[in-house]
Amino acid sequence: MKKIALVTGVAGGIGFATAEILLKNGIAVVGMDVIPEMTKELNGEFTYVKGDLSKKEDRDNFVNTAVEKYGKIDILVNVAGVAPRVRADLLTMTEESYDFVMDINIKGTLFLTQAVANVMIKNESESKGSIVSISSMSAYTSSTNRGEYCISKAGVSMMTKLFADRLAEYGIQVNEVRPGIIATGMTSTVKEKYDNLINGGLLPIKRWGTPEDVASAVYALCNGALPYVTGQSIDVDGGFHIQRL
């Protein structure tokens, strides 16, 4: 039977590339984003749902759309995430900015995962499902001018461990991908900064990462090839995480 995947942030670089690789491998995708409609075309069995991850009614509509159409969910990929609208020093960061980032990056992601997990538990197959969340190297790397983003991604890392622990008894694998410097809309405003850092030797693999690099890691974690892996973080960062002298 065809597998069904939910992908948040599907209109963005990583979300789109993730939907693309899933569709290419015969998986039906229901994707959600905040834009009224997709501006780029995806080939395959794709359903688009407009929604704001921070809103419960939109999360419920997203899940219900998939369940009503297919009767099950096999894969959830939590991609949607935002950076603060204004990068501000930790000493001047506002509560409004904190709430904006946390409501999407961790609160929305957590409660969507909770809702999908409760659907997956009812799946009849032995392997009941796979959940992959996109975190960031910011989960463990300090950026004092976007502290709310770092805190939110550290939260995604702990959320991954918690759900992996809680859902293992049901045969649901929960893992995390930590992208490094990836060429997306979110990083386009700091391109010159990262160009200089990469050229200066910041990364062992001396290039920007691509959304496709991240999507490939996501697919490896949810295609059934790694059945004994859960609660794991995969760094897709060109080796940034390696401590070097």
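Predicted model: local features only at pLDDT ≥ 70, side-chain atom pairs only at ≥ 80, totals over all residues.
The largest pocket has a volume of about 780 Å³. Its lining comprises 41 residues, and the closest to the pocket centre are Val79, Gly81, Val82, Thr184 and Met186. Four elements each supply at least two lining residues: helix α1 (13-24), strand β2 (28-33), helix α3 (95-120) and helix α4 (147-167). The largest share comes from α1, with three residues. By class, the lining of this pocket holds 21 nonpolar, 15 polar and five charged residues.

The interior was examined next. In soluble globular proteins, nonpolar side chains tend to be buried together. The largest nonpolar core of the model has 32 residues. Within this core, Leu6, Ile73 and Val116 have the most contacts. Two or more core residues come from each of β1 (4-8), β2, α2 (56-70), α3, α4 and β6. Helix α3 gives the largest share, nine residues. Val116 touches Leu6, Val63, Ile73 and Leu76, when residues up to four places away in sequence are not counted. Another core, of 29 residues, lies apart from the largest one. Among its members are Ala19, Ile75, Val79 and Val132. Val79 is also one of the residues closest to the centre of the largest pocket.

Aromatic pairing was searched for across the whole structure, and one pair was found. Tyr194 and Trp208 form this pair, with ring centres 6.0 Å apart and 85° between the planes. The geometry is edge-to-face, because the angle between the planes is over 60 degrees. Tyr194 belongs to helix α5 (residues 191-199). Trp208 sits in the loop between α5 and α6 (211-222). The two residues are 14 apart in the chain, and the pair links distant parts of it. Tyr194 has a relative accessible area of 9%, so it is buried. Trp208 also counts as buried, because its relative accessibility is 17%, under the 20% cut-off.

Two further positions were considered. Thr47 is placed in strand β3 (residues 46-50). With a relative accessible area of 15%, Thr47 is buried. Its contacts, leaving aside neighbours within four places in sequence, are with Val29, Val30, Gly31, Thr65, Lys69 and Tyr70.

Gly71 lies in the loop between α2 and β4 (75-78). Its relative accessible area is 55%, so Gly71 is exposed. Gly71 and Asn123 are 52 residues apart in sequence. In space, their C-alpha atoms are 9.1 Å apart.

Notes:
Residues numbered from 1 in each chain as written. Heavy atoms only, no water. 1 Å grid on protein atoms, 1.4 Å probe; cavity = no way out; pocket = protein on both sides within 12 Å on 5 of 7 lines; lining within 4 Å. Points joined across faces, edges and corners; volume = space filled by probe spheres on them. Nonpolar A, V, L, I, M, F, W, Y, C, P; charged D, E, K, R; others polar. Core = buried A, V, L, I, M, F, W, Y, C linked by side-chain atoms within 4.5 Å. Buried < 20%, exposed > 50% of the residue type's maximum accessible area, 1.4 Å probe, protein only. Contact = heavy atoms within 4.5 Å. Phe/Tyr/Trp six-rings, centres within 6.5 Å; stacked < 30°, edge-to-face > 60°.
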